[in-house]
Amino acid sequence: MCGIVAYVGPKDAAPILLEGLQRLEYRGYDSAGVVVSNRGLKMRKVKGRVADLAAVVPARFKGTLGIGHTRWATHGAPSDVNAHPHLSADERIAVVHNGIIENADELRAKLEADGAVFLSETDTEVLAHLIARTVEDAESLAEAVRAALKRVVGTYGVAVVDAQRPGEVVVARNGSPIVLGIGEKEMFAASDVAALVRYTRQVVHLEDGELAVLKADGFNTFSSDARETAKEPLTVDWEAGHYDTGGYEHYLLKEISEQPETVARTLRGRLDDRFHIAHLGGLNMDARESRSFRRVKIIGCGSAYYSGQIGAQLIEELARIPSDAEPASEFRYRSPVVEPDTLYVAISQSGETYDTLAAVQELKRKGGRVLGIVNTVGSAIAREVDGGVYLHAGPEVSVASTKAFTSTAVAFALLALHLGRVRDLSPADGRRIVQGLRALPGQIEEILTLEPRIKELAGKYADSPSMMFVGRVRGYPVAREGAQKLKEVSYVHAEAYPASELKHGPLALIGPEMPTVAIVPDDELLDKNLTTLGEIRARGGRVLMVGHREADPRLADDCLVVPRNEIELDPILLSIPLQLFAYHAAVALGRDVDKPRNLAKSVTVE
Ligand code: G6P
């Protein structure tokens, strides 16, 4: 996704902007550019990586104020010209923009009729022209930006500079994140705290409709009707070091390997051994309220949605409340019935996924009670919900989610335990789950020691054109996430099915060229699952079984045996080997592991 960085202060802006852009690379992009202001605007932009941009920025590219951007093409192909920043015709105004201007064609036609000449195919360029038209007569750059944004329909995070006002940067947000970073006699802004943490931990999140004026000695924020707003800075606990690969070859492997620690962080201080309950201070719900819900509806996108399916299963089993998960992207478009006795739970690693945010906003509009399970403190979804659980998993950089997925499932186990214990879950079952949760970090450690064997298996299966993933009930979301991981990082086609549904259609696909990964925990469905393996083998299908015991060689070609926990919590552990499997398949196939083609870490557009 597009990224924005802005700087104003005493230092040279270009190196800071380039460094910041590098920190945003993980979000996915196709071109990059910077502008600095120093007796006029100087600009460089290229199709390609931030390193390609750095190579064309001359040594004498001086200026103590500037804006930078990484672009993910929406309007117009990736090219030098379409890269941001975009300048007004007189080169007085420069703009970088995230999001989509829906009425760009209409605005462009009007501006063209009025003599404007456009250089790019982007929606963003209209903003540069619009601002330039009013800036001369406006009292401030902020006023000109506000006037231009009033004419825009759509979403934006923008940063704007004016060659005639070399001491300030104006930023604004509507649906696309902007975070201010407060330094010592310098100010920063970015679309993601990742670009800021090297310079400051003091941040301010803009709300939708807000605009900020940044100067070296401070900032002011305003609502859309130009009233000044008061903002409390927040201290982020993510450090620059969290964004390094830490000696691993890829972020993905680093993040998979961190999971004993990140799961321990999600659990820290939340388990009660006396009453066998989970303490989740951020829920903002008393016991009576917790007992009042008759249904739970979970929404999220991608891996967040699959972890929500694990969550629904956990809540239904432990709290006996009917629960289900749905992609937030679908939920928001189908005019859902919002019920007062349903607890809604929105899941997001980034806290910025537009579809999830829009679904939360729709729920709130209709009076729904929404909790968030979010990794990024202070993010848009975290601010929007009524309460929730932070994952504390640290920043996730690789596009494919692993540690956030696992921590979300753990957070759901905590929530399910909490809801269960204020309802019918017995103290003995509560104790069993508390103990199971405590055992997770050590057991994940054990699973990580299987890596050499998983690497070997990934090498063996990775050249298949297509793979089937199957699981039953608790194992089904595990299979779905396993298939998702494999396809997104290795580009091997993978399909997940409930094992029980195989014979109702997909069995027709099974043959030697289509191996199956089968999730087979030692639960009450073991025999049913083993029967399915027999059916696959009878059609010449190869089987890699992931479960709690070695299978009869007539039923599985290969087995990965993981430690056993409580049956309700086993899906969390069974997912881990599939992450390593996808990782090593991607490496074996020479893929761009951390930045798979066509994907972005955080999808902040519709
Ligand atoms: C993108 C990413 C996925 C992620 C999804 C939801 O599609 O590529 O890996 O699961 O967004 O992201 P979120 O930040 O809301 O969890």
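**View 1. The largest cavity.** The largest cavity of this predicted model has a volume of about 190 Å³. A cavity is a set of points, on a 1 Å grid over the protein atoms alone, where a 1.4 Å probe fits but cannot get out. Points are joined across faces, edges and corners, and the volume is the space filled by probe spheres set on them. The lining comprises 19 residues, each with an atom within 4 Å of a point. Y26, R27, D192, S350 and T376 lie nearest the centre. Seven lining residues are nonpolar, seven polar and five charged. Here Ala, Val, Leu, Ile, Met, Phe, Trp, Tyr, Cys and Pro count as nonpolar, Asp, Glu, Lys and Arg as charged, and the others, Gly among them, as polar. Domain 1 (3-235) and domain 2 (244-425) both give residues to this lining, so the cavity lies between them. The domain bounds come from an automatic or database assignment.

**View 2. The largest pocket.** The largest pocket holds about 560 Å³ of space. A pocket is an open set of points with protein on both sides within 12 Å along at least five of seven lines. Of its 27 lining residues, C301, G302, S303, A600 and K601 are closest to the centre. Elements giving two or more residues include α9, β20 (342-348) and α16 (475-490). Helices (H or I, at least four residues) and strands (E, at least two) are DSSP runs numbered from the N terminus. By class, the lining has 12 nonpolar, 11 polar and four charged residues.

**View 3. G308 in helix α9.** G308 sits in α9 (residues 303-319). At 0% relative accessibility, G308 counts as buried (under 20% relative accessible area, 1.4 Å probe, protein chains only). Leaving out residues up to four places away in sequence, G308 touches I298, A325, I347 and F412; contact means heavy atoms within 4.5 Å.

**View 4. Surroundings of H84.** H84 lies in the loop between β4 (65-71) and β5 (86-87). This histidine, H84, is buried at 3% relative accessibility. Its side chain makes a polar contact of 3.5 Å with that of T124. Such a contact is a pair of N or O atoms within 3.5 Å; within protein, one must be able to donate a hydrogen and the other to accept it, and residues adjacent in sequence count only if both atoms are side-chain atoms. A polar side-chain atom of H84 also lies 3.2 Å from the backbone nitrogen of H97.

**Notes.** Residues are numbered from 1 along each chain as its sequence is written, and side-chain values use heavy atoms, without hydrogens and water. Local features need pLDDT of at least 70, side-chain atom pairs count only at pLDDT 80 or more, and totals for chains, interfaces and linings use all residues.

Conventions:
Buried < 20%, exposed > 50% of the residue type's maximum accessible area, 1.4 Å probe, protein only.
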